[in-house]
Amino acid sequence: MGLQYFLVPCLLEGFLGLGSPGSAAKDYEIQNGKPLKISSVKAGGMMSLAIDDQGSLWMWGNFPHPSQSQSVEGQIALVSSAAPVPIWNFHGHTVVKVACGNEHVVALVSAGETYEGNDLICYSWGGNNHGQLGLGDKESRLSPEVLEALNLESPWAAYEISCGAYHTALLALSKESSDVLESVCFTFGLGDNGQLGHGTTQSLQSPELVQGLPQNTFLTSVDCGLFHTSVVSSAGDVWSWGMEKGLGLCPDAQFTGTDSGDASSPLLIPCNGMYNPRFQEPLQVACGAAHTVLVADSGYKIWSWGRGRSGVLGNGKMVDCYAPTIALWPPLVEDFKKQDFDNARPNEHYREKNPEQNVEMEEKRLSATMEEMAVLRSKLFLMERYTSILHGSIFGKPFQEQEIPPSIQSSGVFDIAKEWNNMLESSDYDKLHRLEMFYNDMLASVKDKLLKRRIQDIVKECLKSTAAARSTG
């Protein structure tokens, strides 16, 4: 089958049936009277993965095939397939979860034929040049191998997995019986940008606990981006770490020295809405190359933050957001009205049978929306007031809407240096004179503060020297 590019979704014809190695095509459909059903999919790098309803794993694209890939001087050679290929290594077991990076794959597989709870074993294979397989070395693997830190004898039972390009994150539950569900996060692989969350930029070849997360907390979702990792708790807390400096992963990130990431340890991301600081009923977190998306409010709201180019945040703008912002969901444009109506038709029978419950749900949603609007109005009023005060102190007159630069009105992209030069070019003598006075006053104030700070520092050093001299004398 030749390689082709498609601009619209097309049906995958490769799922022919799966019984046992060497079985004839469509055997499963003939024996069971129905075709295979896909239960979950994952994608990463240049590969795609799927788990069917029988617990079998399929892969296609450029991927590490256990029986066909080859290792050349320690580097694994990926196999290319334009159609789904079954992975027979787990035949007789159930693949429950799977994730993949650029060249590696991690899977949670049942110890027996069926999944019975805390009996999942973690396997990994593929490229391992950064230790992303968690096997204690940097040697690539052609076939799946068990992570010994999370085998059946381990005190932890893995239940969620995610892969970045070259790092891996796992969520695991304590196997000890307890009234409180205690879960932890393990990470390993590339750590150059702090994406492992251990307070350093070192890479790890074996799973290590992320210590910066609170204890006695149940973590419900984890995802890895290109340079960062995010986890969510059932209580509504979201933590993120990693990312290239200044891309907007963490709103409160501090940069010191040679830090290469926004946060090398877990940083709590505060909700920017009425439920501050926690998100209401979070369901899932997803990480892109430089942005994060969170589904909350039982699926009724989407929050996003980070790099906003190309409109990936879904908030109607194309600018970076350094704090969580609400995506425009559900869509209200005319194009979606007919689709919304058609999608609602299958639920008409349910609505007719449960009118009271439906009305109550709609009332709750309306009430929550009204409260959210009140909070947003209050924030907008404060922002407008602050802008007017700042504008008045600089230009000597109240801020007016027509003074908003055309570039930010049309595209949402604002080049502050370019707009500042444009403003100076269009300013008359009086405006330029006022700007000069404002600049001189600000500069004098800053110099005065700096001088006072230097004097204070000198006095502190003198007192320390005096105290040290007395103690030694």
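I took two strands as paired if DSSP finds at least two bridges between them. Helices (H or I, at least four residues) and strands (E, at least two) are DSSP runs, numbered from the N terminus. The model is predicted: local features need pLDDT of at least 70, side-chain atom pairs count only at pLDDT 80 or more, and totals for chains, interfaces and linings use all residues. Residues are numbered from 1 along each chain as its sequence is written, and side-chain values use heavy atoms, with hydrogens and water left out.

Entry 1, strands. I looked up Trp156 and found Ser174 in β12 opposite it. Strand β12 (residues 167–174) runs antiparallel to β11, and seven bridges join the two. Both belong to an open, antiparallel sheet of four strands in the order β11-β12-β13-β14. Its edge strands, β11 (156–163) and β14 (204–209), each pair on one side only. I also examined β7 (residues 95–100) and β8 (residues 104–110), which pair in the antiparallel sense over five bridges. These two form a hairpin with three residues between them, and Val98 has Ala107 in β8 as its bridge partner.

I counted a side-chain nitrogen of Lys or Arg within 4 Å of a carboxyl oxygen of Asp or Glu. The structure holds seven salt bridges. In one of them, the closest N and O atoms of Lys97 and Glu160 are 2.8 Å apart. This pair links distant parts of the chain, with Lys97 in strand β7 and Glu160 in strand β11, 63 residues apart. For burial I used relative accessible area: buried is under 20%, exposed over 50%, partly exposed in between (1.4 Å probe, protein chains only). Lys97 is partly exposed at 27%, as is Glu160 at 22%. Arg141 and Glu145 meet at 2.9 Å, N to O; Arg141 is buried at 11%, whereas Glu145 is partly exposed at 34%. In helix α7, Asp448 and Lys452 lie four residues apart, about one turn of the helix, and their salt bridge is 3.6 Å, N to O.

How many disulfides does the structure hold? I found zero, taking a disulfide as a pair of cysteine sulfur atoms within 2.5 Å. The sulfur of Cys163 is 6.6 Å from the closest cysteine sulfur, in Cys100, and therefore too far for a bond. Cys163 is buried at 10% relative accessibility, while Cys462 is partly exposed at 46%.
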